[in-house]
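Subject: The structure, and what turned up in it

Hi,

Here is the structure for you to open alongside this note. My notes on what was found in it follow below.

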Amino acid sequence: MLRVNNVSVEIEKSKILEDISFSAEPGEIIGLVAPNGSGKTTLLNAISNLIPASKGEISIYGMNYKMHREKILKKIFFLQDHTVLYPNLTGREHLKLVQRLWESKQECGAVIEKLSMGSYIDKRVSKYSLGMQQRLLFGMCLISSCDLLLMDEPMNGLDPSNIKLISKSIKQLRDENKIVFFSSHILNNVDELCDRVIFLKQGRMVYESRKNNPDFNKYIIIKLENGNDADKVLSLFKDEEIKNATANEVWAEIDSSKSSFVVNQAFEQDMKFKSFFIGQKGSQLIYEEIYEGEDKWG
């Protein structure tokens, strides 16, 4: 398991992260979302001990870096960007290097086949496209067979078919009881994969969403056939619940316990609507609220 407790990071007297706390259990996929420059990579670097935490404690499977650094490093793998690759080595040589350093029993051939890398795996990395490099980096992650997998934007540079391929493998890692913690800007993919999503702003953790948690608010979008029922729809919500309203559309965020009331009232009052959507608020809407809306998260 992973425990991050009140972790702060300062670099040259500049505070990059402040009082970050969360935990992760085996079999969980956790997403990390924030604009560039908000501390995502710094947090991953701190968890992997590439940079020291100025304050707080990081515990991995009950061990800390001060007492058990070597044991911890055998349990984690950090998928960084393509700059960590060796241009004069082949993809296969990279996989074998990780296999040897992490003393993994995972077979290179199985990983190469799973990620469809056979056509280029024996070419030098200097000849790889960005998408090929990303698949190799993910392959190195798999070949390590580590319990905790940290990934910095693993979908970067991938086309939709490769995003689907990597996403399928990440889901399989959950089934294997691994912990996966990754950053991404592809928010629909984050929602598809993650059990939880952590949002950072200005180096602080400002929000955490959980998939299928009944205690979290619901988002309702009602599209009307005409404007005649707009006032009726608006009367179902408090002013602070209404996020956007026009003559033909109402968006509202409500307590999960109120969703059935709204649905029943809409039908009982025979409101004419084109569509009625109700579901948990996704990362895109949360992102817009935190980073593009009022500065209440600050």
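This is a predicted model: local features need pLDDT of at least 70, side-chain atom pairs count only at pLDDT 80 or more; totals for chains, interfaces and linings use all residues.

Let me start with a cysteine: C141 is buried, at a relative accessible area of 1% (buried means under 20% relative accessible area, exposed over 50%, partly exposed in between, with a 1.4 Å probe and protein chains only). Its sulfur lies 7.7 Å from the closest cysteine sulfur, that of C146, which is too far for a bond. C108 also counts as buried, at 8% relative accessibility. Taking a disulfide as a pair of cysteine sulfur atoms within 2.5 Å, the count comes to zero. C108 is accordingly in no disulfide, and the nearest cysteine sulfur to it, in C146, is 14 Å away.

Residues are numbered from 1 along each chain as its sequence is written, and side-chain values use heavy atoms, with hydrogens and water left out.

Now the core. A nonpolar core here is a set of buried Ala, Val, Leu, Ile, Met, Phe, Trp, Tyr and Cys residues joined through side-chain atoms within 4.5 Å. The largest has 73 residues, and I47, M151 and F181 touch the most other members. Helix α5 gives the largest share of this core, seven residues (helices are DSSP runs of H or I, at least four residues, and strands are runs of E, at least two, numbered from the N terminus). Apart from it lies another core of 14 residues, including I222 and F273.

Leaving aside residues up to four places away in sequence, H94 touches L85, Y86, L89, V125, L136 and M140; contact means heavy atoms within 4.5 Å.

By contrast, K71 in helix α2 counts as exposed, at 54% relative accessibility. From K71 to G227 it is 156 residues in sequence and 65 Å in space, C-alpha to C-alpha.

All the best
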